[in-house]
Amino acid sequence: MRLPERQLAVLEAASATDERTVAEIAAETGLKPETVAGAAFDLADEGLVAVGSATDETLELTDEGRSYVEAGLPETRLYRAGLDAGADAKPVSMGAVIGEAGLEGPEVDIALANFARKGFGTVESGELSVDPDADPDADAEATALAALADGDDPAVDGDVLDQLASRGLVDRGESVTRTVRLTDDGVDALMTGVEATETVGALTPELLASGEWRDAEFAEYNVEAEAETARGGRKHVLRRTADRVKDVLVGMGFQEMEGPHADADFWINDCLFMPQDHPARTHWDRFALDVDPMEGIPDELMARVEAAHRDGWGIDGDGYHSPWSADFAREVALRGHTTSLSMRYLSGVAGAELEPPQRYFSVEKVYRNDTLDPTHLLEFFQIEGWVMAEDLSVRDLMGTFEEFYRQFGITDIRFKPHYNPYTEPSFELFGEHPETGEEIEIGNSGVFREEVTGPLGVDCDVMAWGLALERLAMLTTGAEDIRDLHGTLADIDFLRNAEVSY
Ligand code: PHE
């Protein structure tokens, strides 16, 4: 039999009676561990060796654990400082001892809890007594920490280890060791005699130029061998969804809007015919900012919006007959929706006066004082958009959504009549979650009322919407909890593996 050199070396180093680890064989043959592992898998394919694996517990000191190896456990430091202060004879004040022990911040609580648990002494009404018979030098946790710091697999009692792990001083992990053992066929092969072939691992320009490649024997690659997972950087699921949304909307002829996250209530609410005493405008729902009022809102526009609120707009219009204040309109808050941007663009303050037809969108962050739950975040992204044209109807809106969501493979959106102070008619959009089958709300939309478009100086129809980017991402990735997507509770494994399907 002929085998590549490295396989032969591994075969010869393997034993029929003992499992030998890849590391042992590597040390003996002088080959790299990954070369040994690769050769072992090749030999296993030929039935000459059996490759096994054993999982071992690994123990590693955390940063906190390591710091105590140097400085001593907090409870031991407290004990020693107490002893120095004479707390074995009569109780001494805690404050002084803590200072002497050099304990700071969370270390104080750690010291006190473990001091009591280990019976080093007692603390009563702010005074510390130490037990002169206690022996921190013989403390099992301290001894184990020191042994772990010295390394080389010390034997540590299971209970002590549990304690150290629960204190966060030791991290428990797992390591997989591969082992190799000769099979009967392997033994037979060695008895009959195996010859080494020289194999070429890589084709080089020299081999080609010299023509030697013609006679060379090439090493075979085992592309199924287990390898470590390499994790590179990756664009966040939400960012990829947002990028895709932008591509789709630009493809549908939309232009992108931009504007401030902290904006005047005028743009966020007043332009939208939201009465100033609307519940959504109270401090419970909005994130008001303690900054100077916003300057630069055009006076005539402000007057027209005020008139719509007070007296209504158009022949049959009626106002709210409730107080309206320009000062409140100028107050600044974090925007609760990006419809503030639509107002800026429709009014013409964001750029040129717009003539129909126009299509605009944004994919931007909004802020709401909601309660966190699986479908709500305090900050999320809205896909805002509007179309300005003569004679728009609800069919145009529905058709736009159907076209948009189809690009993400979503063909079963549903519409429900709704109410917004600023649109008539209005409707909410729902989509079916691919995992739970639940109908989830994915957006809100409508045709702007005359009370909105009139004061802005727009005299044709404008249909508009705000869709939730995170909800779209839930439908395309199957995420069941919005908090898996972003924020402090984000699920790293999910973010690593989720595909944005479209
Ligand atoms: N501003 C609405 C929201 O945040 C969405 C919307 C925008 C509805 C424009 C109608 C028109 O829910």
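Visitor: Which residues does Cys-271 touch, not counting residues up to four places away in sequence?

Guide: Contact here is a distance test: two residues are in contact if their C-beta atoms, placed from the backbone, lie within 7 Å. By that test, Cys-271 touches Phe-266, Val-305, Met-343, Val-452 and Leu-456, leaving out residues up to four places away in sequence.

Visitor: What should I know about the model and the numbering?

Guide: The model is predicted: local features need pLDDT of at least 70, side-chain atom pairs count only at pLDDT 80 or more, and totals for chains, interfaces and linings use all residues. Residues are numbered from 1 along each chain as its sequence is written.

Visitor: How many residues has the largest nonpolar core?

Guide: In soluble globular proteins, nonpolar side chains tend to be buried together. A nonpolar core is a set of buried Ala, Val, Leu, Ile, Met, Phe, Trp, Tyr and Cys residues joined through C-beta atoms within 7 Å. Buried means 20 or more other C-beta atoms within 10 Å of a residue's own; exposed means 12 or fewer; partly exposed is in between; the C-beta atoms are placed from the backbone. The largest core here has 62 residues. Cys-271, Val-462, Leu-469 and Ala-473 have the most contacts inside it. A second, separate core holds 20 residues, including Leu-3, Ala-13, Ala-14 and Ala-40.

Visitor: Is Phe-273 buried or exposed?

Guide: Phe-273 counts as buried because it has 25 C-beta neighbours inside 10 Å. Its location is the loop between helix H13 (265-268) and helix H14 (299-311). Helices (H or I, at least four residues) and strands (E, at least two) are DSSP runs, numbered from the N terminus. Phe-273 also has a positive phi of about 60°, although it is not a glycine.

Visitor: What is the phi of Ser-125?

Guide: Most residues other than glycine have a negative phi, and most peptide bonds are trans. Ser-125 is not a glycine, yet its phi is positive, about 35°. Ser-125 lies in the loop between strand E5 (121-124) and strand E6 (127-130). Ser-125 is exposed because 6 other C-beta atoms lie within 10 Å.

Visitor: Which peptide bonds are cis?

Guide: The bond from Pro-356 to Pro-357 is cis, with omega near 0°. Pro-357 sits in the loop between helix H16 (339-347) and strand E14 (358-367). Another cis bond joins Glu-424 and Pro-425, with omega about 0°. Pro-425 belongs to strand E17 (residues 423-432).

Visitor: How many bridges join E17 to E18?

Guide: Strands of a sheet pair through backbone hydrogen bonds, either parallel or antiparallel. Two strands count as paired if DSSP finds at least two bridges between them. E17 and E18 run antiparallel, joined by eight bridges. Phe-430 has Glu-441 in E18 as its bridge partner. E17 and E18 form a hairpin with six residues between them, and Gly-437 in the turn has a positive phi of about 75°. Strand E16 (residues 414-420) is antiparallel to E17, with six bridges. There, His-418 stands opposite Ser-426 in E17. E16 and E17 also make a hairpin, with two residues between them.

Visitor: In what order do the three strands of the open sheet stand?

Guide: The order is E2-E7-E3, with antiparallel pairing. Strand E2 (20-21) and strand E3 (49-61) stand at the edges with a single partner strand each, so one side of each has no neighbour in the sheet. E3 is joined to strand E7 (residues 170-182) by 13 bridges. Ser-53 stands opposite Arg-178 in E7.

Visitor: Which residues are around the ligand?

Guide: A residue is near a molecule or strand if its C-beta atom, placed from the backbone, lies within 6 Å of it. The residues around the ligand are His-337, Thr-339, Asn-420, Thr-423, Asn-444, Ser-445, Gly-446, Ala-464, Trp-465 and Gly-466. Strand E18 (439-448) and strand E19 (461-468) each supply at least two residues of this shell. By class, the shell has two nonpolar, eight polar and no charged residues. Ala, Val, Leu, Ile, Met, Phe, Trp, Tyr, Cys and Pro count as nonpolar; Asp, Glu, Lys and Arg as charged; the others, Gly among them, as polar.

Visitor: How far apart are the C-alpha centres of domain 1 and domain 2?

Guide: Domain bounds come from an automatic or database domain assignment. Domain 1 covers 2-59 + 175-218, and domain 2 covers 239-497. Their C-alpha centres lie 64 Å apart.
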